[in-house]
Amino acid sequence: MLNKFFVCRNIFVESVNFDMFDFDFEFHFDLEHFQADTQALAPSAMPQNHRRKRILLNILINLGVITFLLGFIFLYTSIFGMKNSVGAISIATSILMFTQMDMGIKTSHAPIAIITLFLFTAFSSHCGVWNPFLGILVNFISIFLIVTFSCQAVTSKVYLPFVVCYIFNQGNPVEGRDFLMRVIGLLCGGILVSIVYVIIHRKKKHHRGIHTLFLELHPTSLRTRFGLRLAFALTLGMFIGDIFQLPRTAWIGMTINSLILPFLHETRPRFIYRISAQFVGGAIFFLAFALLLPREYHIIGIFLTSYLYMFFTNYAFQQLFVSINALIGAYSLGTPLQVIGMRIEFVLIGAAIVVVTNLIAKYGKPIDRTKRMWEHHRLQKAVHNSHHFPPHTANSGHSKNHKVHKD
């Protein structure tokens, strides 16, 4: 019996790849999918002083959430394969998220968008890894489309489960039967999420449909600007990961996903915490897990960091647990110091990409420049046409000549 337990434990650790809880456990029940500017979407944050009487209730609720999340991963991977655990967290957290939020479109249209987006992440990310240079175009367009068609307001961050699913699919490519199972898994997951969505939001009334999201595309809108910034940054990070064959490209992508926010000023307070947490978390990981706790008990650390994470809404504390959890999941990639160094390096690469992207958006203003160039071109064309092809009136020479020739 004990041997069976350790076999299951080894399969679980190696297949679920818990550094995905670098989902950054940024997909958070106050994960990052539910964090900071977005209020907690699951009742998982530790209550404030005036709610201390509910501490026990919140402890039980958090336990239920983590049990659901891990149980869903077990079930999903047992059906669709260990290599496709990347989709399990996206689907599970989508279910949790959509119990509190909606996409801002008609409830009848939402299932179409949800299922299509999950399938789209599978196929487009698969095409993007064929060639790093082809991936530049595929990844950029795909991420922009995901942001555009996943929600009406990007401040709601409903786009996060689909973007994160794309990041991990792209960073963990599969072929043949595994890819087929990935597609089937995301299809089934999308259907499950859609059912939950319709049940929860069946009474909500929205006038916008999927087609409206397309019609509302405008270069000056917040959604378009944010979608372009996120697509540019993630595409650059994925290109670097592909061209250098990095073992954890998703770490770069999740750092970018954590720091690129709808409003530029939101990045600054997060930036220092994201980086400093890697050093502090690396030190804790080295002392607690590399030196003290035997490797066969690391599964305890995975459960513990995942559970404790849900009690904090402060971004700095969240990132500390994210860092430790990611390092535990990547323990097999090398020595503890090598894994810590790689984590810090990849987070710094992602942070640098965010800085470059935001500087371009703030000072380069590519969208505004493109808009001005387009307006200038239209103005020149209008002046040219008015000069060479003046408007004709009934008594103009052209009209008279036309009348004479006609008679």
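Select Val193, which lies in helix H7. Helices here (H or I, at least four residues) and strands (E, at least two) are DSSP runs, numbered from the N terminus. Before going further, note that this is a predicted model, in which local features need pLDDT of at least 70 and side-chain atom pairs count only at pLDDT 80 or more, while totals for chains, interfaces and linings use all residues. Residues are numbered from 1 along each chain as its sequence is written, and side-chain values use heavy atoms, with hydrogens and water left out.

Is Val193 buried or exposed? Val193 counts as buried because its relative accessibility is 1%; buried means under 20% relative accessible area, exposed over 50%, and partly exposed in between (1.4 Å probe, protein chains only). Now show what surrounds Val193: leaving aside neighbours within four places in sequence, Val193 is in contact with Ile91, Ser94, Ile95, Phe98, Ile114 and Phe118. Contact means heavy atoms within 4.5 Å.

Move to Phe98. Not counting residues up to four places away in sequence, Phe98 touches Met103, Ile114, Val158, Phe162, Val193, Tyr197, Ile200 and His201. Phe98 is also among the residues with the most contacts inside the largest nonpolar core, together with Met103, Leu230 and Ile256. That core has 92 residues, and helix H3 (residues 86-98) gives the largest share, nine residues. A nonpolar core is a set of buried Ala, Val, Leu, Ile, Met, Phe, Trp, Tyr and Cys residues joined through side-chain atoms within 4.5 Å.

**Third stop: ring pairs**

Show the aromatic side chains next. Rings of Phe, Tyr and Trp (its six-membered ring) pair if their centres lie within 6.5 Å; planes under 30 degrees apart count as stacked, over 60 as edge-to-face and the rest as tilted. The count by this rule is twelve aromatic pairs. One of them is the edge-to-face pair of Phe98 and Tyr197, 5.1 Å centre to centre with 80° between the planes. This pair links distant parts of the chain, with Phe98 in helix H3 and Tyr197 in helix H7, 99 residues apart. Phe98 counts as buried because its relative accessibility is 0%, and Tyr197 is buried because its relative accessible area is 1%.

Then pick Phe285 and Tyr331, an edge-to-face pair at 5.9 Å centre to centre and 70° between the planes. Phe285 sits in helix H11 (residues 267-292), and Tyr331 in the loop between helix H13 (315-329) and helix H14 (336-364), 46 residues apart. Finally, select Phe68, Phe72, Tyr76 and Phe80, which ring pairs link into a cluster.

How many cavities of 30 Å³ or more does a search of the whole structure find? The search finds one. On a 1 Å grid over the protein atoms alone, a cavity is a set of points where a 1.4 Å probe fits but cannot get out, and a pocket is an open set with protein on both sides within 12 Å along at least five of seven lines; lining residues have an atom within 4 Å of a point. Grid points are joined across faces, edges and corners, and a volume is the space filled by probe spheres set on the points.

Select Ala122, Ser125, His126, Asn169, Pro173, Val174, Phe179 and Arg182 to see the lining of the largest cavity, which holds about 30 Å³ of space. Helix H4 (110-128) and helix H7 (176-201) each supply at least two lining residues, and H4 gives the most, with three.

For the second largest pocket, with a volume of about 370 Å³, centre on Arg225, Arg229, Ala361, Pro366 and Ile367, the closest to its centre of the 17 lining residues. Helix H9 (222-243) contributes the largest share of that lining, five residues.

**Last stop: two backbone angles**

Select Lys157, in the loop between helix H5 (132-150) and helix H6 (160-171). Phi of Lys157 is near 65°, a positive value in a residue other than glycine. Most residues other than glycine have a negative phi. Gln245, in the loop between H9 and helix H10 (249-259), has a phi near 55°, again positive. Lys157 is buried, with a relative accessible area of 1%, whereas Gln245 is exposed, at 66%.
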